[in-house]
Amino acid sequence: MMSETTLFKAALVLYACALAIYLVFQFRKKEKLAIAGWITALLGLLFHTTALIHRTVVSGHAPFTNMYESLSFLAWACLAAYLVIDRVFKIPRAGFLFLIVVLALMLLANSPLMPKEITPLVPALQSYWLWLHVSITLLGEAFFAVAFITSLMYLAAAAREKKNRKPGGLSSEKLDAISYRCVAVGFPLFTLGGLVLGMVWAYKAWGTYWSWDPKEVWSLITWFVFALYLHTRLVMGWKGKRSAIITIIGFLLALFTYFGVNYLLTGLHSYA
Amino acid sequence: MKSLMRFLSSVKLAITLIIIIVVVSILGTLIPQERSAAEYTDRYGGLAPLLMRLSLTNLYHSAWYIVFLSLLALNTVVCTLTRLGPKLRRTFRPRLEAEAKTLLAVKDSGSLKMNFGLKETATAIRKALAARRYKAREKAEGGRIIIFGRKKVLGWFGSEIVHLGLLVILAGAIISSLTGFRAFLKLEKGKAQAVPRAGFEVRLDRFDTEYYPDGQNVKDWKSRLTVIEGGREVRTEFVEVNRPLAHKGFVLYQNSYVQEAKSPLLVFELLDPVLPEAAKKILLRPGQSAPVGKTGLTLSLQRFEPDFIRDENGLISSRSEELNNPAAQVTLSRAGENLVSGWVFARFPEFSMTHESQASGPTIVFRDIRPRISPDFSIIEAAQDKGVALIWIGCGLLMAGLCLAFYWPTREVRFLLEENKNKIDVTAAALGAKNREALSSEFVGLFKELKDQT
C-alpha cells in the first residue's frame with residue numbers, strides 16, 4: 001500500500017501532466033488532446049481519491065479538519081465538478097484554466113506552510129455534521145469555481161466577438177448559459193451545506209444556530225451576492241457581462257470566506 | 001399609496017438593500033464586535049466613541065441594521081404577494097386562449113394537419129399528453145378546441161417557497177432574540193443546582209476528561225447529569241460536546257470546565273507498623289487536611305511545588321511548571337501537636353526535609369501526583385430557544401423551494417385545433433423557462449407521435 005504522501009504526489013504529477021496537455025490543446029485544437037487531458041485528470045483524481053480515503057482510514061476522521069486537508073479536498077471537489085461539467089457541456093477549453101486553479105490549490109496544500117501531520121480531533125469537531133457541513137459546502141464552492149472560470153472565459157469570448165475576430169471554441173452565449181447552470185448547482189449546495197447544515201450543527205454544538213461569527217457573516221455575504229446574481233438574471237433579465245462580473249465577485253467572496261477569514265479574522269471557526 | 005407599493009414591490013429595492021446589507025456586514029467583520037470600551041479606545045483611539053455611537057461595535061444588533069433587514073423582509077413579502085395572485089390565477093384558472101400566430105412565434109412550435117375529426121384529434125392529443133404525464137385543460141369554442149397541457153406546476157412556486165422559508169427563518173430569529181434565554185451553570189460534582197426559569201434541577205454525577213492514546217490531546221469532556229424535578233430523579237444522561245441533553249424545552253450543553261489552578265491531587269503514604277492498612281493512603285489537595293483513619297492523626301498539605309528549588313537564602317519556589325521535582329509541604333499532627341512537618345519529595349521517597357518530634361514516629365512518603373484528575377467544575381450551558389423550530393421549518397422550505405425552482409421546471413404545451421376544409425389544423429407550442437433542451441426534445445417527440453397518426 002502506497003503512503004498518503006505518495007498518492008497525493010502522484011495526483012499532483014498527473015494534474016501537472018493534464019495541465020500540460022490542456023496547454024497544448026489551447027494551440028492545437030485536436031479532440032484527441034482534449035480527451036487525453038480529461039483522462040489524465042481523471043486518473044489524477046483517482047489517485048487523489050485514494051489519498052483522501054487513505055487519510056480518512058488512518059486518521060479515523062473526515063479528511064477536512066485542517067487547512068492542508070481541506071485545501072486538498074477543495075482541489076478534489078473542484079476537479080470532480082469540472083470533469084462532470086465538461087462531460088455534460090463539452091468545455092475542454094476551460095480545462096487549462098481550471099487545472100491551474102486545481103494545481104494552485106494542490107501546491108498550496110503541499111507547501112511547507114501547511115502542517116500535514118494527522119492531529120487528533122478536538123471534541124467540538126467530533127460529529128457527523130462535520131462530514132455533511134464541510135463536504136457539501138466545499139462541493140458548492142467547487143461549482144462556483146467552475147462558474148468563475150466559465151465567466152472569465154465569457155468575458156474573453158465577448159471581447160473577442162465584439163472585435164469580430166473569428167470565434168474560437170465556445171460562443172459567449174453558451175459560456176454564459178454554462179456559468180448559470182453551475183451557479184444553479186452550486187447555490188443550492190452552498191445554501192444547504194454552508195448555511196442550513198452549519199446552523200444545525202452550530203445549534204447542536206454551541207447551543208445557538210447563529211452567532212454572527214465572521215465565517216458565518218462572510219458565508220451570508222457570499223450567499224447574498226449569489227442571490228443578487230439570481231435576482232438580476234431571472235427577474236431583471238441581466239445576462240452576459242454583468243452576470244459574469246457578479247459570478248466572479250461571488251466566487252472571490254466564497255474563496256475569502258473559505259480561506260481569508262481563517263487567517264485575517266478571528267472567530268469561532270478557528271480550528272485550522 | 002400606490003407608488004409606495006410599487007416602490008416596496010420592486011426588485012430594484014431588493015437589490016439595493018442586499019448591496020447595503022452586504023457592505024455593512026463586511027464592516028462588521030472588520031471591526032471586532034461587542035468588546036469593551038477600553039479595547040476600542042486602545043485600537044481606534046479618538047475614533048472609538050464615534051464607532052460606538054454608530055453602533056458599529058455591536059452592528060448586527062443595532063437598530064439600523066435591523067431596519068435594513070426588516071425593509072428587505074417587507075420587500076420580500078410585498079414582492080411575493082404581488083406576484084402570487086397572477087401566478088395562482090394562471091395555475092388554477094388559466095385563460096385558455098391561443099392564436100396560431102402567437103403560438104408559432106415561440107421557439108419550440110409547429111403545425112400540422114390531422115385527418116380525424118375535431119373531437120378525435122383532441123382525444124389523440126390528450127392521450128399523447130397523458131402518456132407524458134401532462135395534465136390537460138380543454139376549451140371548445142365554435143370550430144376550435146384549445147388544449148393546455150402542463151406538468152410540474154409546483155416548479156412555478158419555487159421562488160415563493162424560498163421566500164416564504166426565508167421569512168419563516170426571520171420570524172424564528174426574532175422569536176429567538178426576544179424570548180431566548182441562556183444561563184451558564186457552574187456545577188460541582190455531586191451537587192445539584194436549579195436551572196434558572198426551568199423548574200428543574202440538574203446534578204453533576206461525574207465529570208470525565210477523556211484523552212487520546214497520546215495522553216496529551218483531549219478527546220472528550222463528558223458530564224453525567226441527573227435531572228431532578230421536585231426532588232425526584234427524572235433522568236440521567238451523559239452530556240458531551242456535540243451531544244446536548246434536551247429536557248422540557250431547555251437544552252443543556254457541555255460548554256467548558258473549570259480546573260482550580262495548581263490544585264493537583266497528591267497521594268501520600270504513612271509508613272508506620274502500628275497503623276492499620278486502610279489508613280495508610282491519603283489523598284490531598286494543597287490547603288486541605290484529612291484525618292488518618294480513626295488514629296486521631298491529621299495530615300495536612302500546606303503547599304505544593306511542581307519543580308522544587310531552594311535558593312541560597314533558603315527561599316523555596318518552583319523553577320518551572322513541569323513536574324521535574326514535585327515537592328509537598330506537609331504536617332502530621334495529633335490534637336494540635338505537630339509530629340512531623342516539612343517537605344517530602346515524590347522523586348526521592350528516601351529523602352525528606354522534615355522535623356520529627358518523636359524518633360520512632362510515622363514517616364510520610366509522597367507517592368504519586370494525579371495532575372490529570374478530572375476538573376473541579378463542569379460548565380453547563382442551559383438554553384431555551386423557542387424560535388428554533390421555526391428556523392428548521394424555514395430551512396426546510398428554503399431547500400425545498402430551491403430544489404423546485406432549479407430542478408422542477410414547469411412545462412406547458414399549448415394546442416390550437418381548428419377545422420379547415422374537413423381537416424384539422426393543429427398548431428402547438430411548448431413553453432418553459434428552464435431546461436429548454438429537454439423540453440424541446442419532448443415536444444419534438446410529442447409532435448412526431450401526432451404526425452405518425454395521420
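## A bend in helix 6 of chain A

The bend at a residue is the angle between two axes, one fitted to the seven residues ending there and the other to the seven starting there. In this predicted model, helix 6 of chain A has such a bend at A:Gly198, of about 35°.

How much of helix 6 of chain A is buried? A residue counts as buried here if 20 or more other C-beta atoms lie within 10 Å of its own. That holds for 29 of the 35 residues of helix 6 of chain A, so the helix is largely enclosed by the rest of the structure.

## Where chain A meets chain B

Helix 6 also takes part in the contact between the chains. The contact draws on 31 residues of chain A and 34 residues of chain B. On the side of chain A that touches chain B, the elements giving two or more residues are helix 6 (172-206) and helix 7 (214-234) of chain A. Helix 7 of chain A supplies the largest share of that side, with eleven residues.

What kinds of residue make up this side of chain A? Sorted by class, there are 24 nonpolar, six polar and one charged residues on the side of chain A that touches chain B.

## The five-stranded sheet of chain B

Turning to chain B, you will find an open sheet of five strands in the order 1-23-22-3-2, with antiparallel pairing. At the edges stand strand 1 (109-114) and strand 2 (135-141) of chain B; each has a single partner strand, so one side of each lacks a neighbour in the sheet. From one strand to the next, the twist averages 15°.

Further inside the order, strand 22 (residues 411-420) and strand 23 (residues 423-431) of chain B run antiparallel and are joined by nine bridges. Within this pairing, B:Phe415 has B:Ala428 in strand 23 of chain B as its bridge partner. Helix 10 (residues 436-453) of chain B lies across strand 1, strand 22 and strand 23 of chain B, and runs at about 170° to strand 23 of chain B.

## The three-stranded sheet of chain B

Chain B also has an open sheet of three strands, ordered 12-11-20 and paired antiparallel. Strand 12 (281-284) and strand 20 (363-370) of chain B are its edge strands, each pairing on one side only. On average, neighbouring strands of this sheet are turned by 25° against each other, direction ignored.

How many bridges join strand 11 to strand 20 of chain B? Seven bridges link strand 11 (residues 265-271) of chain B to strand 20 of chain B, and the two run antiparallel. Opposite B:Glu269 stands B:Val365 in strand 20 of chain B.

Conventions:
Residues are numbered from 1 along each chain as its sequence is written. Chains are lettered from A and ligands numbered from 1 in the order in which they are written. This is a predicted model: local features need pLDDT of at least 70, side-chain atom pairs count only at pLDDT 80 or more; totals for chains, interfaces and linings use all residues. Two strands pair if DSSP finds at least two bridges between them. Helices (H or I, at least four residues) and strands (E, at least two) are DSSP runs, numbered from the N terminus. Axes are lines fitted to C-alpha atoms, for helices over the stretch in contact, and angles run from 0 to 180 degrees between N-to-C directions. Two residues are in contact if their C-beta atoms, placed from the backbone, lie within 7 Å. Ala, Val, Leu, Ile, Met, Phe, Trp, Tyr, Cys and Pro count as nonpolar, Asp, Glu, Lys and Arg as charged, and the others, Gly among them, as polar. A residue is buried if 20 or more other C-beta atoms lie within 10 Å of its own, exposed if 12 or fewer, and partly exposed in between; C-beta atoms are placed from the backbone.
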